[in-house]
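Please look through the sequence and the three-dimensional model below before reading on.

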Amino acid sequence: PVEPTAKQPPQTAAGSCGCNKSCTCTKGADVGFSDLYSTDLLPAMDGDTKTMTFLQEVVDILLAYIVESFDRETKVIDFHYPNELLQLNNWELQDEPATLDDILISCRATLKYAIKTAHPRYFNQLSTGLDMVGLAADWLTSTANTNMFTYEVAPVFVLLEYVSLKKMREIIGWADGRGDGIFSPGGAISNMYAMLLARFKMFPEVKEKGMSSVPRLAAFTSEHSHFSIKKGAAALGIGTESVICIKADECGKMIPADLERRILEAKQKGFVPFFVSATAGTTVYGAFDPLIAISDICKKYNIWFHVDGAWGGSLLMSRRHRWKLDGVERANSVTWNPHKMMSVPLQCSALLVREEGLMQSCNQMHACYLFQQDKHYDLSYDTGDKALQCGRHVDIFKLWLMWRAKGTIGFEAQIDKCLELSEYLYNKIKDREGYEMVFDGKPQHTNVCFWYLPPGIRYMEDKEEKKKRLHKVAPVIKARMMEYGTTMVSYQPQGDKVNFFRMVISNPAATFEDIDFLIEEIERLGHDL
């Protein structure tokens, strides 16, 4: 493209204030960062003033980036191909230290080419947006720089994790918030935790003796479920072939009758069914599996019932939409990612478990150098031994501080708004010329899946040729989006369906005007195809 429709953020000269605005500020030059190195900062003697000035420079760069990210006149992305980006800057690591001036230049360059995930027109992933209180919390936890394994080294953070997990369990519907849980590096790990616990619950001897001590296991999940279920089975030695995919209906919901049929079939083949993962908000269609029917089947055959609510779990915060998770209170475990619909800065994923003490029994190794039994406080707050990790980042403070700032009603309003925007998009394009929905009916979540048919193929009679050409449309439009930098939205095939756009909305900054812009931009970029 020759004429981008959105302007690039202005560049700053080395040593400028970093505010990316026209000004006469010379504080960077006054300090003389070209003569300073990291060794001049704290803990160096007399390094406090230099440290404060340097960090203020960094903060100015960050604040300028934040302001730009919310400016619709700036690009979502300043796209370059990998080989071009490698040549634009010197990214190589050197033996000799770089000056602090060089460090500031690297900070600016990194943000210049970063994706503005807070941009109101960034719809590419399930996790978008940037919350200012959450950002402040992230800065605080990096400054505190502690570990979550014991109360001894993270007293406040451990307590905040305790009260937040309890609150989340109450919202799920478990009596008095009883149970257990942990914050993990992401939904994939949370799902693997659930599978690990399900196996241990049925065969506790596997912890010491390994997979050779247990029969052949079988896990069940929807054909539309997240790939992490199979990945977890691979990591735990269960094997991907032991994960049986259950048929979904046209809207992407698991079919309970097929689940029961496949359970009986697996038992006849000598497998032991031990784990069923239902999905609350599938990645592509945003479908919610029928949790009550699935839980009845799990109870009938004594199988662990897990709900992967990484994407859709946050709808529990909405009185208007939580019915979509009816039956979640019957689950043995639930994955819930606040870093998606709740816009908590990455990463923030929780695994909630109904049975208290099971995580500890499953994962503890009694490391005496960390988890001494003769400490002078309540040892139940030393949570590290129930986690797979040893070192564990403080993820909870971002969620807790945002919850304090918004209240439950604030999260509810944010979630309801995103679902309202997705319904607005659906209503605008479902009967619009040139658009075709991937499945009939209003989406349950903010996922809106559709094809855009350019005029050149809109009226083609040869169905196979039309399908073949339509498969290429979304990738070309997506590439043009990135080259112009105006917006980003994902696409993918699904089963026998050729590439289609999957629009997801989780960014609180998005508006109805941004939805209108997206529709017009797709048509502008794809009109000639």
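The paragraphs below treat the sheet, the nonpolar cores, the aromatic rings and some backbone details in turn.

This is a predicted model, in which local features need pLDDT of at least 70 and side-chain atom pairs count only at pLDDT 80 or more, while totals for chains, interfaces and linings use all residues. Residues are numbered from 1 along each chain as its sequence is written, and side-chain values use heavy atoms, with hydrogens and water left out.

We begin with the sheet. Strands of a sheet pair through backbone hydrogen bonds, either parallel or antiparallel. Helices (H or I, at least four residues) and strands (E, at least two) are DSSP runs, numbered from the N terminus, and two strands pair if DSSP finds at least two bridges between them. Here, five strands form an open sheet in the order β1-β11-β12-β10-β9, with mixed pairing. Its edge strands, β1 (122-123) and β9 (435-437), each pair on one side only. Strands β10 (residues 448-452) and β12 (residues 497-503) run antiparallel and are joined by three bridges; C449 has R502 in β12 as its bridge partner. Helix α13 lies across β9, β10 and β12, and runs at about 30 degrees to β10. For such angles, axes are lines fitted to C-alpha atoms, for helices over the stretch in contact, and angles run from 0 to 180 degrees between N-to-C directions.

The next topic is the nonpolar core, a set of buried Ala, Val, Leu, Ile, Met, Phe, Trp, Tyr and Cys residues joined through side-chain atoms within 4.5 Å. Buried means under 20% relative accessible area, exposed over 50%, and partly exposed in between (1.4 Å probe, protein chains only). The largest nonpolar core has 98 residues, and L399 and M503 have the most contacts inside it. Helix α13 (residues 396-429) supplies the largest share of this core, 13 residues. Apart from this core lies another of 28 residues, including A194, L197, F203 and A219. If residues up to four places away in sequence are not counted, M503 touches F123, L425, T446, N447, V448, F450, V489, I515 and L518, where contact means heavy atoms within 4.5 Å.

Aromatic rings form a further set of links. Rings of Phe, Tyr and Trp (its six-membered ring) pair if their centres lie within 6.5 Å; planes under 30 degrees apart count as stacked, over 60 as edge-to-face and the rest as tilted. The whole structure holds 16 aromatic pairs. The rings of W403 and F411 are edge-to-face, because their centres are 6.1 Å apart and their planes stand at 90 degrees. W403 is buried at 11% relative accessibility, and F411 is buried at 0%. Y424 and F512 also make an edge-to-face pair, with centres 4.9 Å apart and planes at 75 degrees. Since Y424 lies in helix α13 and F512 in helix α17 (residues 512-526), this pair ties together parts that are 88 residues apart in sequence. Ring pairs also link Y151, Y162, Y377 and Y381 into a cluster.

Finally, some backbone details deserve attention. The peptide bond from L42 to P43 is cis, with omega near 15 degrees, and P43 is in the loop between α1 (27-31) and α2 (48-69). L346 and Q347 are likewise joined by a cis peptide bond, with omega about -5 degrees.
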